[in-house]
Amino acid sequence: GDGIEKVSNTAESEKDIPDAEPTAKKENKHPLIGYWYAEYEELEVGIVYEFKKEDGSIKAYSREIYDKEGNKVADNTLSMTVLAFEGKEGKANYFIEYEGKKYNVESKLKLSADQLEVSYSYDGYEGTEIWKSINE
């Protein structure tokens, strides 16, 4: 490892530094892209999500599901499609399965240093989840 891929942990946004990576000709990386972890106490599971760019939009897939014993199951389920994201806030369609029924819920996204707040309401139920960035 020559340290090029080290992720900086600064909360500062890097987009105001001109030519921070002159050699890497990659497009401006979307702030959501990467891996996130959310814990669901009532379901006694934790889920690793991956946001990636697909067909021109940003989508999140659940990649791994952990039970309370720490056992891990690989998964590959589309969980979210980002509709709009500007600065630190956005909107998404969030696909939730609850008691065997699938819901497509419009949710609000709010990004802070290393976590994403996902809030939504459906059927009179208000929910807020915290997804923590685990980009390695």
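In this predicted model, the charged end of Lys-52 lies over the ring of Tyr-61, at 5.5 Å from the ring's centre. That contact sets a charge against an aromatic ring; the contacts described next are between aromatic rings.

The structure contains nine aromatic pairs. One of them joins Tyr-37 and Tyr-66 in an edge-to-face arrangement, with 6.4 Å from centre to centre and an angle of 75° between the planes. This pair connects distant parts of the chain. Tyr-37 belongs to strand β1, which covers residues 34–40, while Tyr-66 belongs to strand β3, which covers residues 57–67. The two tyrosines are 29 residues apart. Tyr-37 has a relative accessibility of 24%, so this residue counts as partly exposed. Tyr-66 is likewise partly exposed, because its relative accessible area is 24%.

Burial follows from accessibility here: buried means under 20% relative accessible area. Tyr-120 has a value of 10% and is therefore buried. Tyr-122 is at 14% relative accessibility, so Tyr-122 also counts as buried.

Tyr-120 and Tyr-122 also belong to one aromatic cluster.

Note on methods. Residues are numbered from 1 along each chain as its sequence is written. This is a predicted model: local features need pLDDT of at least 70, side-chain atom pairs count only at pLDDT 80 or more; totals for chains, interfaces and linings use all residues. Side-chain values use heavy atoms; hydrogens and water are left out. Rings of Phe, Tyr and Trp (its six-membered ring) pair if their centres lie within 6.5 Å; planes under 30 degrees apart count as stacked, over 60 as edge-to-face and the rest as tilted. Helices (H or I, at least four residues) and strands (E, at least two) are DSSP runs, numbered from the N terminus. Buried means under 20% relative accessible area, exposed over 50%, partly exposed in between (1.4 Å probe, protein chains only). A charge sits over a ring if NZ of Lys or CZ of Arg is within 6 Å of the ring centre and within 35 degrees of the ring normal.
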